[in-house]
Amino acid sequence: MSRNTKAFTTEDWQAKRDQFVARGVSNGNRHLAAKGEGAVLYDIDGRRFIDFAGAIGTLNVGHSHPKVVEAVKRQAEQLIHPGFNVMMYPAYLELAEKLCRLAPGAHEKKAIFLNSGAEAVENAVKIARKYTKRQAVVSFTRGFHGRTNMTMSMTSKVKPYKFGFGPFAPEVYQAPFPYYYRKPEGMTDESYDDMVIQAFDDFFVSSVAPETVACVVMEPVQGEGGFIIPSKRFVQHVAAFCQKHGIVFVADEIQTGFARTGKYFAIEHFDVVPDLVTVSKSLAAGVPLSGVIGRAEMLDAADPGELGGTYAGSPLGCVAALAVLDIIESEQLNKRSEEIGKAIEERALEWKMKYPQIGEVRRLGAMAAIEIVRDEKTREPDKAAAAKIAKYANEHGLLLLTAGINGNIIRFLSPLVITDELLEEGFGIIEEALEQL
């Protein structure tokens, strides 16, 4: 803690937050973090919180992993930031090589590093537009891609992300995306896929012509939209459509990447090779870093000076990311992700049998969610109940987040280094919250 910090109480800091920090910044938990270890946070009063939020999916390798701490500390002692555009440094180049080798596809790839997930998506759009010489951008209903003007335009959820912040970027369109839990009654998943695929094709007749589209940007699993998992058939159809019409297919792996779904990249589950991949969040274990990885000819479409930024790809972020990749491999976090996801699914299905508020349990690896509804038959979203569950958890030592267009999804984003014992303890708190309903 900084000098004189210990003289302030939690209430003092909360008062400072209310007085000096913009109201538009949300706080799901108003305690003050002091120390993090693995899947646990401690506040300034020494209270322990099990972390099922992972800084919104940023901490797959956990809080303050010793390998990350050592890498950042060693780098800070040598060099903090010369600016890659001013003078290069090895960590940037090492990380670019590793990610190009890890990203799907045997084709030649290149990478660029940036600061935030939104910035990665912005640059993927810039690269696609430069390469195709087209303007239109297609994302999907319920998708979330960031809070800048362009990425807000691509994002589906109006409140709290878009309301009052327009006008938005032009030539941005949102295509239909499947949501199997909410398919028409009596329809099979296969028939529903037929319907959504046809709607996707029709979209390029009624809303935007494919020959004007620079890129289609898809989250392999929708994150903020509610952890919605599409079928392999749908994703493969979108990728084939893009290839047929010369459209750049972008996999937004910002929340899904780096072992969250049991693979380095979630798109691997769908046997699809994207043209570009955007990455951030768990890439660098909490040190700000993002990137775009993709086909070399696309990354090279822009001329020198047209891509980059002052802090883009900082040495601290790059060495942290190199440590993360080492941890994922050495600690077998892709395997651990599936184990965690299975444990969540098994417990959540038990809850579903007991609590009618749980409409569906879904997951891909450890990217898991439960949907909270008012009634099992009508499936009406129950945002208030989901908020009560999250509030109870946060008040009883468990960091827990909601998601979804209607705010009725409880999502699980614990660090993948979490122990079975902590998982069980966290499950117990959620069960107490469900009992309160």
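This report covers the overall build of one protein chain and then a few of its residues.

## Basis of the model

The model is predicted: local features need pLDDT of at least 70, side-chain atom pairs count only at pLDDT 80 or more, and totals for chains, interfaces and linings use all residues. Residues are numbered from 1 along each chain as its sequence is written, and side-chain values use heavy atoms, with hydrogens and water left out.

## Overall build

The protein chain holds 13 helices and 15 strands. Both are DSSP runs numbered from the N terminus: helices are H or I with at least four residues, strands are E with at least two. The C-alpha trace spans about 65 × 60 × 45 Å along its principal axes.

The radius of gyration of the protein chain is 22 Å, which agrees with the value near 22 Å for a compact globule of 437 residues. That radius is taken over C-alpha atoms, and the globule rule is 2.2 Å times the number of residues to the power 0.38.

## Burial, contacts and charge

Of the 437 residues, 53% are buried. Buried means under 20% relative accessible area, exposed over 50%, and partly exposed in between, with a 1.4 Å probe and protein chains only. The protein chain exposes about 19800 Å², and carbon and sulfur atoms supply 52% of that area. Accessible areas come from the Shrake-Rupley method with a 1.4 Å probe; for residues, only the protein chains shown count as cover.

Contact means heavy atoms within 4.5 Å. Among contacts with a separation of 6 or more, 71% join residues 24 or more positions apart. The side chains include 50 positive and 56 negative ones, and the centres of the two sets lie 3 Å apart. Lys and Arg count as positive and Asp and Glu as negative, while His and the chain ends are not counted. Each charge is placed at NZ of Lys, CZ of Arg, CG of Asp or CD of Glu.

## Two buried residues

N394 sits in helix α12 (residues 383–395). Its relative accessibility is 9%, so N394 counts as buried. The N394 side chain reaches the backbone oxygen of L400 at 3.2 Å. This is a polar contact: a pair of N or O atoms within 3.5 Å, where within protein one must be able to donate a hydrogen and the other to accept it, and residues adjacent in sequence count only if both atoms are side-chain atoms. Leaving out residues up to four places away in sequence, N394 touches G28, N29, F49, L399 and L400.

A312 belongs to the loop between α9 (296–299) and α10 (315–330). A312 is also buried, with a relative accessible area of 6%. Leaving out residues up to four places away, A312 touches F84, Y89, Y92, F113, L114 and N115. F84 is 228 residues from A312 in sequence, yet the C-alpha atoms are 7.6 Å apart.

## Backbone features in loops

K159 and P160 are joined by a cis peptide bond with omega of about 10°. P160 is in the loop between α6 (149–154) and β6 (172–175). P167 also lies in the loop between α6 and β6. The peptide bond from G166 to P167 is cis, with omega near 5°.

K133 is not a glycine, but has a positive phi of about 60°. K133 lies in the loop between α5 (117–132) and β5 (136–140). At 73% relative accessibility, K133 is exposed. Q332, not a glycine either, has a positive phi of about 50°. Q332 is placed in the loop between α10 and α11 (333–354). With a relative accessible area of 51%, Q332 counts as exposed.
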